[in-house]
Every structure is written in structure tokens, then in C-alpha cells.
Amino acid sequence: MQIPAERLIDLLPWPKLIEALKQQFREGCEVPDRHHHAMHVPGEVDATMLLMPAWQPGSRIGVKIVNVFPSNAQLKLPSITADYLLYDGKTGQALATMDGATITSRRTAAAAALGAAYLSRKDSETLFLVGTGRVAALIPDAMRAVRPIKRVLVWNRSKDGAIELCKKLNAAGYDAQPEFDLKAGTEAADIISCATLSKDPLIQGAWLKPGQHLDLIGSFTPEMRETDDEAMQVCDVYIDTDTAFTESGDIVAPIASGTITRSDIKGNLTDLCRGDTEPRNRDDAITLFKAVGTALEDLAAASLAYDEALETQAG
């Protein structure tokens, strides 16, 4: 079965996808380290192949194959292409091939919403969206699946990007407006969600106030950061998986500086979904959720898409 990007959007509605992630974190699965392979490209910058496997014994096997070709920008082609392969966990037989980029972007936004379901105030209505990229644009709808989001403030380094996304959000029924002052946007929000490629902190801990939830999506290397050390001190900090301890600058840097220790992290998504750690327990808490992504989420999303496709065919 071949499932293209546009079909995946219909097969992965936010409530079902968020619930699928929750169940997968509860049940667990095998997630080996991702494989990185450098590939020489004659006359161009070297490329990279990433292999991200995961499997649930006796159920499903999946692998995401990502090719990163930096020189493609000169050819006006995407620098990153991705495919997801899903197999039967009992026989190893191929079940489906899917667009890997869509799987990644939707499960990333859904994981942020899952974190917010445990860590944000239930009456959160105002979202400050920092960034306007592929994942950032999905965050309002994903968050609205778990919280009554009505107002969205949007910041982006490119003002035109913020204005354009606000037009789309207003057309979708939100009260959306650009906000070009990071401090003002932070102070006005119930949930602050960052999905950028920033290497310098954007959100300062001094701006945060009791009751807020800070969601960090973008930092996936030790050199990247979206918030500062002070935020780590004033927030109850949670992560998606322990991989964040080595891959995200938002966690790596404050631990290296001694601002926080590993024991200051209150738990991860597996702990939250299984009830092994306490979620937000008071309205005046300031919570922080840092996600770096995991192949477990890819497997959950791909399995849901395949099951929904079969059900649609049967109907």
C-alpha cells in the first residue's frame, strides 16, 4: 500500500493521533539508536542518510529513511526527503510505504500536544507560536485538540512569514495576530510553543509567569537552544525521551553549566503516560516540555495511518 502525503493528513486526525502516541508510550517498543551514514556526492557537499527503526514485538516494524542533500537548494529541490516503511511484526511482510515528512511533522506536533495535555492548565486559551515552519504551522490545531485554544500570537524572524500564517489561522477560525516582541508575546500567553532552528535562546525565564507552559520543539542538536538557563530553574522540566540529555542544547547546556542536574528533570512522556510521574499539580506552576522526537512516535503514527486506511477501504 502506498500512502501519499495528502492522504496521510486525512488518516491522522489530531485526537486519534495524540491518543495513538499516548498508547504507544504506555506500551513501549524497541527503539535502537538512529543510524547516520555520510555519503559522498561528487562535486557537491556530502549528503547524509539517516535510518530510524522501531518495532513492537509481534505487532509492527517500521523504519524511516531520511536523505539530507544540502546542495539541493542550488537546484531548487528540497534538501530533505523521507519515506516510512511499515512491516508486519509477525511475518516481516511489507504493509505500506508512506511519506516520511508528513509522518514526522504530524507526530511532532501531536507529541507537543500530548505533553501539553499533561502539563498545561486546562483553561489555556492563548497560544504564543514562535516560528512559522512546517511543524509550527500545525501546532495550533494540535493544541486545540487538547486545550480550548482561541487566540494565537505569532512571532517569526521574517515578519512576512508571521503575517501570512496569521491569515491562514484567522481563516481557520482563530483570533490570530502577529507579535514581533518576544517578551510581550510570552507574557500574554498561556502556552508558549517554539519550533525554530535557533542557536541562541529566544524565550527568557525572567519573562515567564505562574501558570504558563513552555513547549520547546526545535532544538535537536547540542548547539541549538530556544530558552535560557533561568527558564530551566523556574520551570518544572519534562522531556519526551532520555535522548534529550544528549541531543538538545536546551538540556545539555544547563546541565553542563551546573544550572540544573539530570535529577531535576521530573520525568518523560513514558512516565507521564504510564502515571509514573506527577503531571501539573497546581495552577501556579510553570511547566516546560522539551521534545527531540523518537522513532516510537513514527511507528505509532504509521500504524494508525495504515489501520485507518484499511478501515476506509473496508467501508
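## Reading the strands and the overall form

Author: In this predicted model, strand S4 (residues 60-68) and strand S5 (residues 80-88) run antiparallel and are joined by nine bridges.

Reader: What makes S4 and S5 a pair of strands?

Author: Two strands pair if at least two bridges are found between them, and nine bridges join S4 to S5, so the two count as paired. One of the places to look is Lys64, whose bridge partner in S5 is Tyr84.

Reader: How do you know that S5 also pairs with S6?

Author: The requirement is again at least two bridges, and S5 and strand S6 (residues 94-99) have five bridges in the antiparallel sense, so they too are a pair. Within this pairing, Leu85 stands opposite Thr97 in S6. S5 and S6 form a hairpin with five residues between them, and in the turn Gly92 has a positive phi of about 80°.

Reader: Which strands does S10 pair with, and in what sense?

Author: Strand S7 (residues 126-130) runs parallel to S10 and is joined to it by four bridges, with Phe128 standing opposite Ile192. S10 also pairs with strand S11 (residues 213-216) in the parallel sense, over four bridges, and there Cys194 has Leu216 as its bridge partner.

Reader: Why is strand S10 described as covered on both faces?

Author: In a regular strand the side chains alternate between the two faces of the sheet. In S10 (residues 191-194), Ile191 and Ser193 lie on one side and Ile192 and Cys194 on the other, and all of them are buried. Buried means under 20% relative accessible area, so the burial of these residues on either side is what is meant by both faces being covered.

Reader: How many of the residues in the chain are buried, as a percentage?

Author: By the cut-off of under 20% relative accessible area, buried residues make up 51% of the 315 residues in the chain.

Reader: What share of the contacts with a separation of 6 or more comes from residues 24 or more positions apart?

Author: Such residues account for 70% of those contacts, where a contact means heavy atoms within 4.5 Å.

Terms used:
Residues are numbered from 1 along each chain as its sequence is written. Side-chain values use heavy atoms; hydrogens and water are left out. Buried means under 20% relative accessible area, exposed over 50%, partly exposed in between (1.4 Å probe, protein chains only).
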